[in-house]
Protein chains: 2
Amino acid sequence: MGLIVQKFGGTSVGSVERILKVAEKIIETKIQGNDVVVVVSAMGKSTDVLVDLAKQLSDDPPDREMDMLLTTGEQVSIALLAMALQSKGYPAVSLTGWQAGIVTESIHTKARIEQIDNSKIMNHLQKGRIVIVAGFQGVTAHGEITTLGRGGSDTTAVALAASLKADLCEIYTDVVGVFSADPRVVPTARKLAEISFDEMLELARLGAGVLHPRAVDCAKKYKVRLTVRSSFTDEEGTTIREETKMEKGSAVCGVAHNNNVAKITVKNMPNQVHAFSSLLTVLAKSYINVDDIIQSSYESSLTNISFSLSEDDLKRTLKVLKANKTRLAFEEVIAEVGLAKVSVVGTGMLTNSEGVMSMFKSLASVNIPIKMVSTSEIKVSCIIPADMTEAAVRTLHRAFRLDVAEIAVIQG
Amino acid sequence: MGLIVQKFGGTSVGSVERILKVAEKIIETKIQGNDVVVVVSAMGKSTDVLVDLAKQLSDDPPDREMDMLLTTGEQVSIALLAMALQSKGYPAVSLTGWQAGIVTESIHTKARIEQIDNSKIMNHLQKGRIVIVAGFQGVTAHGEITTLGRGGSDTTAVALAASLKADLCEIYTDVVGVFSADPRVVPTARKLAEISFDEMLELARLGAGVLHPRAVDCAKKYKVRLTVRSSFTDEEGTTIREETKMEKGSAVCGVAHNNNVAKITVKNMPNQVHAFSSLLTVLAKSYINVDDIIQSSYESSLTNISFSLSEDDLKRTLKVLKANKTRLAFEEVIAEVGLAKVSVVGTGMLTNSEGVMSMFKSLASVNIPIKMVSTSEIKVSCIIPADMTEAAVRTLHRAFRLDVAEIAVIQG
C-alpha cells in the first residue's frame, strides 16, 4: 500500500494496443492496493509530425506557439489512457499540465517547474481515481502554456512524486534499465541493478538517454526513489538511489556518449577580466546551455573562447552571437559540427588518476583524436569526431572491463 | 476601421497551404486598419482521426475524456495559424478556450457558453496583435475542459463578437453562402444575398449545415452582424441581420433537409397528467434534445408518445429510457431509423395556409409519405423516409419557385 508515480514514454503509448497494455500495468499496481498517478508522453512519433507541420510554416517557429502546438500531443495520450482504464472498469481522470497545477517559469520550450499545486490530484486520488497527468508541460503564473524541453516527462513524473511524497517513481521506457554503455553500440553492455543519483546524473546528462538529467537531479534533491524499467517486459529494472552497494572511490559504472555535439570558438575577444562572463551572460540571457568551456590566449591583448553545446542550439547561438558582435567585440565566430562526446562515469573516476590516463591511452590506441576534455568528480569526458563514437565507446567499455563485471574496478 | 471576428472552419485550415491562404485573408483585413480576432476549427479530418482512436479504446468513451481529446484539434490549428501569421511578419498570438476566458456550464460534449472574460484578448489587441482563438471549446468554473458540440466554433465566433462588441462577424466556410436548398441536391438552388435571423435559425436548425443554430441564436440575441462566405473565393456571401428587404408575410426563402433523423415511440405509458412531462424531464436531465413530439392515446388509461431526434443521440436515449422503465411505467420502446426531415422556411409560411397545403400536395404528388409534421411561425417540417429526401427537396424547391426568383412569393 502506497502512492506510486508511473511514467510511460512515447513508445510505450505509441498505439492503441500499447495503450491497452499500459492500462494493464497500471491496473496491476492499483490492484495491489496502491494509489497511482501516471505521467505520459505524446504517442510515438506524434510530436515529430507536429514539428514537421510547424517547420512547413516557418523556418524558426515562435517558441510560444511551438509550446501551444506540442502540448496537444500529451493531451491526446492522457485522454486515450483514461478511456482505456475506464473501459476496463477502473475510474480514471486525465489532467493537463495546467490542470495538474504544474507551474513553471515564464520561458517557452525549456521551462523549469517552479511549484506544484497538487490539490486537484489529491482530491481525485481520495475519490479512488487513477490520475493521468500530461508530461512535459506546465503553465506560467500568467496562464501561458509552457513545455519543459526534451525528456521533460521524466521531470514531470519525479516532480510529482516529490510533491505528492510518493513511495516510488517508476520510469517505464523501451529499455530494461540503465546499461554500462548503449547496447546498440556495445553488445556486451550489462544492465546495472543499482546506481547512485550522481552517477545516473552524469550518465543522463551525457546522453545515456534513459532518463532526463533534470529528472535525476530533482529525484536526488527530494530523495525520490526512482526505478527505470521496460514497459514491454516484467524484468526488474535499475534502481537509482542515494546509497548503493558500490564501494566509493573505486568504481566505474558506465560509458556514455552523445553524438549531437557542436563546438563554437569566439575568436579574438579583448582579453579583459570581463570577457568570459560577458559572453556567458549573453548566452545565458538567451537560455543557451553551454557545456564545456575553454579559454585560450595567443597574445596578451586578445583571447579565444571555445565551448561545446548541443547541435540543436547551434543556429540560435550563432544568431545571438551575431546580434551581440559589437558588444562583445570579438573578431569572428567559428562553428564546428559533427562532434561527439564520450564519457567514462563512476564514483572513483577522478580519485584514481590511472582512470583518466587509462581513458586517454585507450582512445590513443585506436587513433581517436581528443578535441576537448572536461572532468567532474565522477566522470571524464572527451569531445571527439562523431564518426569515431562507436569505436571509442567499445574501446572504453572493454578497457574498463565493464563487460565482465557488474561493477568494474579500475586497474591501477 | 473596426473590430472584426473571422471564423474559419476545418476545411479552410485543412492543410499547410490552406492555413497560409487563411493567413493572407486575415492580413488583408488587418491591413485595412481593423483589429482582428480569428476563431478556427480543427484541421480537416483531424477530429475524425481522434474520434476513431477513442472508439478503438471504448465503445462509449467518457464524455469528459472525449472533450480532453478533441480540444487538441483546435489547439493545433491556432498554433499553426499564429506561426503562419508571424512568419509573414504580423504579430499574432494563439489562445485556447480557457485562455480566451470562454467559461461554459459544467456539461461535457455540448456545453453552452456562460460568460466570456475577454480581458486577455483585449490586452493582446491593444498591443496590435492578431488574436487566434480555439473554437468549439471552453472551460468550466472548476477548470474542466469542455466542448460546445458540433458546429461549436460558429458559436465561439459569434459569442466573442458579442462580447467584444465587434462590428462584424464573418463565418468563412467551404460554400459561398446560404442557399435556397442544398446545391448538391438541387442544382438550381440560388444563393441568398440576405436572410433574417429567424429564417436562418430555422434553416440552420433544420440541417442547412452552413451555420450552427446556436450561433445564429446568439447573433440574434446580441444583434451581431453576421456574414457567411467562402474562404476559397472573394465572392460576397450571405448577410444575416435583423432587418431584411423581404416583405414580411409573403415569402419563402429555402428548403432545408436533414437525413440524420430517428423516431422513438414510447408505448403504453399510464395516461396521467404528468406522463408527458415525466418523460421529457428524464430526457432533459440526460441532455437529450428531442425535436418534434406527438402524443396519441388509443384507450383511456394508456398513451403513446412519439418524438424525433438526432440519430446520433439514439443509442444514448434508448439507454436512458431503459434505465427509467420502472419510473416511467411504459410497456415498450420502438425505435425507427432511416428517416429525414424536409422543411420549407420563410417568414410567410404559416400566415398563408396555401403554403402548407402546397407543401403536402407537392409531396403527395411524388408519392412521399409524411410520418410526422411540425410547424413554427416561419416553417413547416415533414418527417419522411430518408431515401426520399432528394426527391422531396427538389419537388418542394420547384413547387415554391425558389429556382426562378431570389424571393419566391407563395402562390395563393
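**Cysteines, an annotated pair and a helix**

Let's start with the cysteines. A search of the whole structure, over all chains, finds zero disulfides. A disulfide here is a pair of cysteine sulfur atoms within 2.5 Å.

Before I go on, some ground rules. This is a predicted model, where local features need pLDDT of at least 70, side-chain atom pairs count only at pLDDT 80 or more, and totals for chains, interfaces and linings use all residues. Residues are numbered from 1 along each chain as its sequence is written, chains are lettered from A and ligands numbered from 1 in the order in which they are written, and side-chain values use heavy atoms, with hydrogens and water left out.

Buried means under 20% relative accessible area, exposed means over 50%, and partly exposed lies in between (1.4 Å probe, protein chains only).

Now chain B. Cys253(B) is in no disulfide either; the sulfur of Cys382(B) is the nearest cysteine sulfur, 16 Å away. Cys253(B) is buried, with a relative accessible area of 1%.

Next, an annotation. An unreviewed UniProt entry puts "binding site" on Thr47(A) and Glu74(A). UniProt positions are given in the numbering used here, feature names are shortened, and annotations may be inferred rather than shown by experiment. The two are spread over 28 residues of sequence, yet they cluster in space, with a largest C-alpha distance of 9.0 Å.

Take Thr47(A). It sits in helix α2, residues 46–57 of chain A. Helices are DSSP runs (H or I, at least four residues), numbered from the N terminus. Thr47(A) is partly exposed, at 22% relative accessibility. Leaving out residues up to four places away in sequence, Thr47(A) touches Ala42(A) and Leu70(A). Contact means heavy atoms within 4.5 Å.

Then Glu74(A). Its place is helix α3, residues 63–87 of chain A. Is Glu74(A) buried or exposed? Buried, with a relative accessible area of 3%.

Last stop: helix α6 of chain B, residues 197–208. A straight helix of twelve residues would span 16 Å at 1.5 Å a residue, but α6(B) spans only 14 Å between its end C-alpha atoms. The expected span is 1.5 Å times one less than the number of residues. Among its buried residues are Phe197(B), Met200(B) and Leu203(B). Just after α6(B), Gly209(B) takes a positive phi of about 80°.

Definitions and conventions:
Helix = DSSP H or I, 4+ residues; strand = E, 2+ residues; numbered from the N terminus.
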